[in-house]
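Hi,

Here is the structure I said I'd pass on. My notes on it follow below.

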Amino acid sequence: MASTELLLTRHGETEENKRDIMQGHIPGKLSDNGIRQAQQLGELLAEEPIDAIVCSDLARSYDTANIIGKMKGLTPRPTSLLREIDWGKHTGGRLSSIDWKNLPEGCETLEHLSERAQTFIHWIKQEYPGKCVLAVGHGAIDRAILAFLEGKSALEMADMPIMKNTSFVRLNV
């Protein structure tokens, strides 16, 4: 099977990011800066031969992907595999209060997040062999994808930095 090139990015800044809120599965609203970030990423990727755009089905990721997609003439394909970690009853709390190695009860586990990342990579390879795909995710799921591709455990993922909004990394999967 041909290698798939994956450009992995995180959604633009949201109003909730600015307030240190654990968004989890809430939609999130891009801030004015987040909209600019998405536009700048689209300009940066203007010459990239992107065949497809996939994104989380949460609004902040889809809206980022849609801004870039309009610039590239591509319609984003949403998938729940790229959703952010589910904070459960802790959604809306302060993100800076989280101990990633000891997540509060009721949250999606790092192990489950890691399994979702693995499933996403297998799905991308199956759906887009030999293609270049832009994937617009979220801080925790992007980190889980990178950890999986680097052969790191779910617990080791907790020590990895979270990608900045609209920064991206190029990967061959």
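Let's start with α2, which has 13 residues and reaches 18 Å from its first C-alpha to its last, close to the 18 Å expected at 1.5 Å a residue (the expected span being 1.5 Å times one less than the number of residues). Helices here are DSSP runs of H or I with at least four residues, strands are E runs of at least two, and both are numbered from the N terminus.

Keep in mind that this is a predicted model, where local features need pLDDT of at least 70 and side-chain atom pairs count only at pLDDT 80 or more, while totals for chains, interfaces and linings use all residues. Residues are numbered from 1 along each chain as its sequence is written, and side-chain values use heavy atoms, with hydrogens and water left out.

Back to α2: Gly34, Gln37, Ala38, Leu41 and Gly42 are its buried residues (buried is under 20% relative accessible area, exposed over 50%, partly exposed in between, with a 1.4 Å probe and protein chains only). Down the helix axis they fall within an arc of 135°, so they line one face of α2; the arc is taken from the directions from the axis to the C-beta atoms. They pack against β1 (5-10), α3 (59-72) and β5 (168-172), with contact meaning heavy atoms within 4.5 Å. The face turned away from the buried side carries the exposed Asp32 and Glu43.

Glutamate 48 sits in the loop between α2 (32-44) and β2 (52-56). Leaving out residues up to four places away in sequence, glutamate 48 touches Leu7, Lys72 and Arg170.

Cheers
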